Amino acid sequence: MKYAMISTDPNNLRYEQELQQRIQGEVSFSTTSRALYATAACMYKIVPTGVVFPKNAADVAEVVRFAAEKGLSVTGRGGGSSLAGQAVNSGIILDFSRYMNQIIGYDAQTETVRVQSGVVYGTLNRYLDAFNRVLPPDPSSGQYCTVGGMVANNAAGAHSVKYGFTIDYIDSLQVVLHNGEIIRTKARDTGSEAFAAFCGSNSTESRLTAELNRLLSDNEALIQTHTPNVKKNASGYRLERALSDQELDLGKLFCGSEGTLGLITEITFRVKPIPQFKRLVVINFDTLEKAADLIEPLLGMQPAAVEMMEKKAMDLVRENRKDLRSFFPEGIETQVYVEFDGSSNDAVATQTSELIRFLQQRFARGVSYKIAETESDRAELWKVRKASFPLVYQKKRPEKVPAFIEDFVVPPSRIAEYIRFVYAVYDKYQTEAMILGHAGNGNFHIRPFIDFSKEEDLRLMHDLMTEISSKVLEMGGAISGEHGDGRVRARLLQTQAGPLWKVYRQVKDLFDPTALFNPDVKISEKDQLNTNLRFHPHYKRQIRSTLLHFNEDDYFYEIEKCHGCNACHQSNVTTTMCPLFQVTSDELASPRGKANILQNLIASDLPETFTQEADFKQMLDYCIYCEGCYVECPSHVDVGRLLQEHKARYRAEHGASLMQRTLEYSELLSKFQSHFAPLTNALTAWKPARLFMEYTLGIDHRRPLPRVASAKKFRSLNRTEEIIQPREKVVLFHDLFARYNRPELTALAIRILQAFQIQVVSHPVGSAAMPAIVYGHLKLARRTISKSKKILADYVNKGYKIISTEPTAVLALRKEWVDVDPSDEVVAISTHTFEFFEFLQSFFQKEKINPKFESVPIRLGYHAPCHLKALQIGRPGVELLREIPGVQIHEIDRGCCGIAGTYGFKKGKQGYDISMQIGNDMFEELKRSEHKKGLSECSTCRMQMEHGSGKEILHPIEILAQALQLRDM
């Protein structure tokens, strides 16, 4: 199986030009767009003809008419987070998420909210918070899936036991039909005169309604007999819900149709009050059977969620997450998570007590439990439940964990039998898998390890699908509980439905007579399990050496580790993954998009000349190296590091702009300026000079530049004392800002350390080389590192630790230097480098020091820098400052501030403007009157925060120094 190379097709370009003239939205049939949208969160890869970003329903209707004229198919797409192949196809992909993402409004009288299809579910619920309302279905992808996709899939999540599914909350839909007609669905009484009159009118909607009513009425017995008798079902069309008790509702038919009957452009949802009180009980069982025995009696207690975690999943967490091991007592085989919620604390407490009494009465031994009442405790326990699946993707091994048998549903009474059967099948084929489940619905997610490079593993997929699905159907279950049939289970749907499948086929033909909408998805007689796979036995990597240091095949592994889950498309403003995507909504900016392009390159599915094209350069520029994707990606794909590799290659081939070269040599420039500080500061504050710098260097004239301190001032402040019998010895590594712009910070750091009998060496070496690394000038970076590494390594050998007040410098010494120069000296430096407050926190604990602080009455708005988050050491500075009497710190969790080192210095839209747009939410929060000043460890973040808010921004060192009476505020 080998794909044709993705390249520009002249026919596609003609299509692009013609269609662009007919709609208001954007049209892209380019090589880049086709590569980006060929994959999603599934195991398939199908190159589309092109991609359209509609701005309204009229655009969607015009695309449908255009596609019909040209003989192309149309596939709707939101976040591309579907697992069964629904979001990829060979025709036109309609991405609703870029423009059709507006919340139209909430109606308090009807308790409904009206939204466009591209709205992200998490965004909608944050909007509804203001009205104390929520849209209850909570798919695990809720922070990045769109509501249009939820309707198309009839999505649900952990709380469906109590709150049901998306279909239960649909009031009406706006839908584009196969001929471009736009309709708004409503429930109709089939026995009324109005219904008869409507069916007799002359419109496509009325004809479809009349014929659907006849079809469903004629096959009522068949529908009742062959629809799976389980509460949770996302397979087939929901015909039993479309016509029920003489009420016909096309909205219920389109829900779960996976884009195969029409395109949903707008939704009106019914919403519910937010439950005010919650309790979570985590129950440990020493056998699976005991856990399974609990489920049916438990459902009578009306829980909001019932989740199950089996032994292999727990073992995986135990092995890889030491911080979570304490949550899994020895000897347990299964955990069950039970959540109760409601509007009354007493009622929730009563439900919890009832469960505990039941456990004590039913199980004499082998059972223990823990109750979480506070929001933070519940969040901590749910984090444990959700920890296992991401770990599967982080494992370095040739196998993938495809989603193909991961959504089967069985009656809750047969859970233990089902899981034991699955284990037996896996033992039979000598393979392994992990099982997690929505136990209250009997819905289990199973991910086996499959090596797509082996033909025998592809046959294994078929065998596993056949045996396990047969057991599920024998039990009266369903092949999909919440993820849909897609193309992975389309053929299996025919087996499940039996004679009902012909009715499904008739419904498809009625609403889509020319197979325009998402062909081969849901309704298909083809066996597509092993066709159009992203990875396959003929997949070959384009081998080439790397400029950065990667162990063995880590470069390829890192690229291929991205499974397209779409978590990097989060709407949550607290995420730093990815700031540029959040502003531009451009798939090329997303970490998934970047990994996708690189995967196409190493597989030779894009021409080698693609690396010379503007889109490739744009992709490189879209990475500001915040490292948010590495920290927050479920699979920990280090997209930033991959992009650094290609930036280095690009710079080696194409050179750099004058601005890049200026910033790469920022240490040399700062050193020169420090000798002429008064003149430098006067010039950089003079508007004509700023305009000249913008014209020549590309540094935006609106960007305030930091004042330069004189070299003499740094020397006078950078003095250390000899400590007799020091408790600890450190080298203080100065970042450029502390050396050349704010040497007062260096002086304060030295005074604080010396106050605790710590011997300080103020390092006699150069910069951390971060600008050179970020811009791909590896020759300069290696030269800079070479000047410092022997000196610093010698100190390490003498027992010194290296510390810095700048998170970026710490990240460079810990991580970036090893990528550039993996020598023994650099590795030693990496393992002995610490952030200033991280070091202090550890030092105080080791020496059993309880510092005495003076009161500092101040309220501060704190921003955690991206590179501090990348260090994954928590917030040691904030934790220490909170011990100071009078200090109040409010964490402004609004993601990246936007400046991203030197990115925000670049002129215009691709620099300064986007930088300020990224940081806008944080600026507005910081401007609030209760925040006297701001706080952050990062020098450039502090510059951005001051510029955006107009408030003074402090380094935590300044507050600590005042509390220790080493500095006046």
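A residue is taken as buried when its relative accessible area is under 20%. In this predicted model, helix α33 is mostly covered on that criterion, with 10 of its 13 residues buried. The buried positions of α33 are Pro743, Leu745, Thr746, Ala747, Leu748, Ala749, Ile750, Ile752, Leu753 and Gln754. The length of the helix agrees with expectation, because 13 residues at 1.5 Å a residue should span 18 Å and the end C-alpha atoms of α33 are 19 Å apart. Just after α33, Gln757 adopts a positive phi of about 60°.

The loop between α33 (743–755) and β23 (758–762) also holds Phe756. Aromatic pairing was examined next. A pair of aromatic rings is described by the distance of the centres and the angle of the planes. The count of aromatic pairs comes to 20. In one of these, the ring centres of Tyr337 and Trp382 are 5.8 Å apart and the planes lie at 25°; the limit for stacking is under 30 degrees, so the pair is classed as stacked. Tyr337 belongs to strand β17 (residues 334–342) and Trp382 to helix α15 (residues 375–385), and the pair thus links distant parts of the chain, 45 residues apart. Tyr337 and Trp382 are both buried.

Phe756 and Phe844 form an edge-to-face pair, with 5.0 Å from centre to centre and 65° between the planes. Phe844 is located in helix α38 (residues 836–847), so its pairing with the loop residue Phe756 ties together parts that are 88 residues apart in sequence. Both Phe756 and Phe844 are buried. Ring pairs also join Phe756, Phe839, Phe843 and Phe844 into a cluster.

Charged side chains are placed over aromatic rings as well. Arg98 lies over the face of Phe53, at 3.8 Å from the ring centre. The charged end of Lys471 is positioned over the ring of Phe421, 5.4 Å from the centre of that ring.

Strand β23 contains Ser762. The relative accessible area of Ser762 is 16%, and the residue is therefore buried, the cut-off being under 20%. The side chain of Ser762 makes a polar contact of 2.4 Å with the side chain of Asn718, and a polar contact with the side chain of His734 is likewise listed at 2.4 Å. When residues up to four places away in sequence are not counted, Ser762 touches Asn718, Thr720, Leu732 and His734.

How values were computed:
Residues numbered from 1 in each chain as written. Predicted model: local features only at pLDDT ≥ 70, side-chain atom pairs only at ≥ 80, totals over all residues. Heavy atoms only, no water. Phe/Tyr/Trp six-rings, centres within 6.5 Å; stacked < 30°, edge-to-face > 60°. Helix = DSSP H or I, 4+ residues; strand = E, 2+ residues; numbered from the N terminus. Buried < 20%, exposed > 50% of the residue type's maximum accessible area, 1.4 Å probe, protein only. Lys NZ or Arg CZ within 6 Å of the ring centre and 35° of its normal. Polar contact = N/O pair within 3.5 Å; in protein donor to acceptor, adjacent residues only side chain to side chain. Contact = heavy atoms within 4.5 Å. Expected span 1.5 Å × (residues − 1).
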